[in-house]
Structures are given as C-alpha cells and as structure tokens.
Amino acid sequence: DNYGYLRIKTYLASGATPLEGALVKIYGSDEYNSDVQYSLLTDLDGITSVLTLPTPSESYSLSPGSAFQPYSVYNVEISKDGFYPKKIYNVPIFAKTNSLLPIEMIPISYAENGITVPLENLNSVVFENENLR
C-alpha cells in the first residue's frame, strides 16, 4: 500500500468557525505524481473527505540514508467567494499515514469605495516544508 491519506480543514477566527463550501484543489508536485489532481469542497464542518494519495514505499522512510525521498509532495489551493485565496506548497505525505492540514481563511476586506483591501503583511502563500524549496 503505497498511499497516504489527507484531509483539509478550513476555518475562520482561529478555529472558532468552520468554513463550509471552500473549494480545495490538490496537485501532485513530484515528477511521478504530477498527474494527480483533485478538486473537492469542504463540508458543514469545514473538512474535506479523505483523499488517498500515491506515495513512495513506506520502506524508504524506515531506512536511514535511503537515496529515495520517503514521502510525496503536494500543493494545495483553497478558495471561496468573499475570502482571500490561499496556497500551500510542498505538503509532505507519507505512506500509510493520515494527515490533517488545517487552513485558516481570511474574509476579504473592502474599502469604503468598494475596492478590495490588499493582504498587506499577510502572506497567503505558505511553504509547508521549508527544506523542500
């Protein structure tokens, strides 16, 4: 079983409110999983269904010094009308492991003239694993 499992949880207000109906897109970003693409919506609790994602063999993560990367890497994009979109790059998924990726979404702010206020001092692109850049 060379698969790992991922669920996305979207929320507002530091986790106080789940965000239903967010569009979640997941893309494989390794050479061998670049054809993997999913689109799904979060449920009433702000959570997606469980995705089964291809990964390298579990044996690579059990062998120190293995020449092979012991996990697969995915990119996640989240969007919903009325919220700033978010992108999370380099999310590692290991074989036979359940992962939950929590994502706080931020409502779009509008100025009095109706123009969207830019996300200043807030980075909407997150690198989940800094070592993978």
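Predicted model: local features only at pLDDT ≥ 70, side-chain atom pairs only at ≥ 80, totals over all residues.
Figure 1. Look for Thr97 in the loop that joins β7 (86-94) to β8 (98-104). Which residues does Thr97 touch, once its neighbours within four places in sequence are left aside? They are Tyr3, Gly4 and Tyr5. Take Tyr3 as an example: 94 residues separate Tyr3 from Thr97 along the sequence, yet their C-alpha atoms are 8.0 Å apart in space.

**Figure 2. The aromatic pair of Tyr71 and Phe94.** Searching the whole structure turns up one aromatic pair. The ring centres of Tyr71 and Phe94 are 5.1 Å apart, and the pair is called tilted because the planes meet at 55 degrees, a value between the limits of 30 and 60 degrees. Tyr71 sits in strand β6 (residues 71-79) and Phe94 in strand β7, so to speak two distant parts of the chain, 23 residues apart, linked by the pair. Are these two partners buried or exposed? Tyr71 is buried, with a relative accessible area of 13%, whereas Phe94 is partly exposed at 30%.

**Figure 3. The whole chain, for orientation.** Step back and you will find one helix and nine strands in the protein chain. Their order along the sequence is β-β-β-β-β-α-β-β-β-β. The chain has 133 residues, and 32% of them count as buried. Of the contacts between residues at least 6 apart in sequence, 61% join residues at least 24 apart.

Methods
Residues numbered from 1 in each chain as written. Heavy atoms only, no water. Helix = DSSP H or I, 4+ residues; strand = E, 2+ residues; numbered from the N terminus. Contact = heavy atoms within 4.5 Å. Phe/Tyr/Trp six-rings, centres within 6.5 Å; stacked < 30°, edge-to-face > 60°. Buried < 20%, exposed > 50% of the residue type's maximum accessible area, 1.4 Å probe, protein only.
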